[in-house]
Amino acid sequence: MGLRRIGLIFWIYFLDGLLLSMASNIGQNYTFVLREKKFTRLCTTKHMLTVNGMFPGPTIHVRKGQTAFITVHNEGNYGVTIHWHGVKQPRNPWSDGPENITQCPIQPGKSFTYEVIFSTEEGTLWWHAHSDWSRATVHGPIIILPPIGKTYPFPKPHAEQTIILGSWFNGDVKELIDEALATGGDPNISDAFTINGWPGALYNCSNETIYNLVVRHGKTYLLRVVNAVMNEEMFFAIAEHKLTVVAQDASYIKPITTDYIMIAPGQTMDILLAAKRSPSHYYMFSRPFFDSNAAFDNTTTSAILRYGGNYIAPSNPLPNTIVCLNSSCDGPDGNRLAASLNNVSFEIPSIDILQAYYRSLSGVYTTDFPIRPPYFFNFTGAVGNNTLHPSIGTKVKMINYGEAVEIIFQGTNVLTPENHPMHLHGFSFYNIGNGFGNFDEKTSPATYNLVDPPEVNTIGVPKNGWVAIRFFADNPGKL
């Protein structure tokens, strides 16, 4: 079967408690109650939408190949959907969760039961709201253990712990994004980052809000790291400790030992930590990687790795735009900030696309999404006014079942270039190549890794660079 290459796709995206031992409470039925709850961080108290009153939300435990049923009761103030990030959901797009793509929002006072089918995934994934910015407070981890009788492809760790990197906004996140969408400007940046819901000691009015992870000397721990931050790629490190990455996006990789990791929004990593340093307190730090001129939250969240036992503790642990009428928006030159692929900015329909497809409803979407940019220019050089005003539409690309597909994501220098994560629903894919500058159809494929490329569901397209991915279209529904 031949490989189908969906030509250069360029994008501009400006908007952008103790140790848990090997899970024994594995179940396939969960109840999520969406409700507002009062939280205080950074001396600011607010009500925010949560699942079961938790921030981050509850953990889903399953084994590879199992099916989980999660009933969501919406006791909040607006419609919300839940997405099971990285779960392939074979033949089951109806429970994938993107608002107005595969389902309508779950309205206040209503309930919906998701059938979440796990197939080849093993490791760590996560779930989150898929309605505007609700995922800032509505998210949690998914732990997929090996099937009964199987074990990890590495020595069994002493214990496991989930580390969730998140964003904290002093304001109401729905009001923030609603205002940005109304004015066409950039939304406010976050006020802090968090580790397991706590900003840490480096923020004002935050000395007592730091997460502690207790370990035993000489033991090895499996850390399941989730980047639930809204927009930023994040560095993560533990002082004086090495990290051995053994999996990404619920897929095992060749172990990589490093002093720190950089993890994209939506990405997950499984990491082995050997607690072999002198018993003491050690800082965990996470701060953003950002290579753009856009505003961003340039702060650092912290937590403490604390050895158990008797010792004297230290005092301190070691975009493009859409034209607005009469220049009435808050973006550049009075226009609206927007994201686009091949110069098309996505318009959310009022009827979800999946329903429209299966019921043959006309007027919801068109099938003319371009597989190549409308014209080529020096994407990463002096772009001038190229592609500043994209078209708006709900466009899809139909792919035949079983086709081998290659997609090249090309970053551009339009307005403010930056690194950006890309996530594929319903599939894992192979990251076969990447580079800086413009993708060259004649020379760049020679750099592909076709021997042992990593299998992931989220990748970061480098600033003014490109990434090539491949996958088989073997899960009917939508991407």
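## A cysteine pair and its surroundings

In this predicted model, Cys205 is partly exposed, since its relative accessible area is 42%, a value that falls between the 20% limit for buried residues and the 50% limit for exposed ones. Cys205 forms a disulfide with Cys43, and the sulfur atoms of the two residues lie 1.3 Å apart. Cys43 itself counts as exposed, because its relative accessibility is 57%. The structure holds 1 disulfide, and the torsion about the S-S bond of Cys43 and Cys205 is about 50°, so this disulfide is right-handed.

Where in the chain do Cys43 and Cys205 lie? Cys43 belongs to the loop between S2 and strand S3 (44-51), while Cys205 belongs to the loop between strand S11 (192-195) and strand S12 (211-215), so the pair ties together parts that are 162 residues apart in sequence. Another cysteine, Cys104, is partly exposed, because its relative accessibility is 39%.

## The protein as a whole

The protein contains 2 helices and 31 strands, and of its 479 residues 57% are buried. Its accessible surface comes to about 20,300 Å², and carbon and sulfur atoms account for 52% of that area.

## Strands that pair

Strand S2 (residues 29-41) and strand S5 (residues 67-74) run parallel and are joined by 6 bridges; within this pairing, Phe32 has Val72 in S5 as its bridge partner. S5 also pairs with strand S7 (residues 111-117), here in the antiparallel sense and over 7 bridges, and Phe69 has Glu115 in S7 as its bridge partner.

Rolling a probe the size of a water molecule over the atoms shows where empty space is left. The second largest pocket holds about 720 Å³ of space. It is lined by 31 residues, of which Gln248, Gln267, Met269, Asn431 and Pro454 are the closest to its centre. Among the elements that give two or more residues to this lining are strand S15 (243-248), strand S17 (260-263) and strand S28 (429-436), but the largest share, 6 residues, comes from S16. By class, the lining of this pocket has 17 nonpolar, 10 polar and 4 charged residues.

Asn449 is placed in the loop between S28 and S29, and it is partly exposed, with a relative accessible area of 27%. Asn449 and Tyr430 are 19 residues apart in sequence, and their C-alpha atoms are 9.4 Å apart in space.

Most residues other than glycine have a negative phi, and most peptide bonds are trans. Against this background, which kind of peptide bond leads from Phe55 to Pro56? The bond is cis, with omega near -5°, and Pro56 is found in the loop between S3 and strand S4 (60-63).

Two aspartates have a positive phi: the value for Asp132 is near 50°, and the value for Asp249 is about 50°. Asp132 sits in the loop between strand S8 (123-129) and strand S9 (139-145), whereas the place of Asp249 is in the loop between S15 and S16. Is each of these residues buried, exposed or partly exposed? Asp132 is partly exposed, with a relative accessible area of 43%, while Asp249 counts as buried, because its relative accessibility is 2% and residues under 20% are counted in that class.

Terms used: Residues are numbered from 1 along each chain as its sequence is written. This is a predicted model: local features need pLDDT of at least 70, side-chain atom pairs count only at pLDDT 80 or more; totals for chains, interfaces and linings use all residues. Side-chain values use heavy atoms; hydrogens and water are left out. Helices (H or I, at least four residues) and strands (E, at least two) are DSSP runs, numbered from the N terminus. Buried means under 20% relative accessible area, exposed over 50%, partly exposed in between (1.4 Å probe, protein chains only). Accessible areas come from the Shrake-Rupley method with a 1.4 Å probe; for residues, only the protein chains shown count as cover. Two strands pair if DSSP finds at least two bridges between them. A disulfide is a pair of cysteine sulfur atoms within 2.5 Å. On a 1 Å grid over the protein atoms alone, a cavity is a set of points where a 1.4 Å probe fits but cannot get out, and a pocket is an open set with protein on both sides within 12 Å along at least five of seven lines; lining residues have an atom within 4 Å of a point. Grid points are joined across faces, edges and corners, and a volume is the space filled by probe spheres set on the points. Ala, Val, Leu, Ile, Met, Phe, Trp, Tyr, Cys and Pro count as nonpolar, Asp, Glu, Lys and Arg as charged, and the others, Gly among them, as polar.
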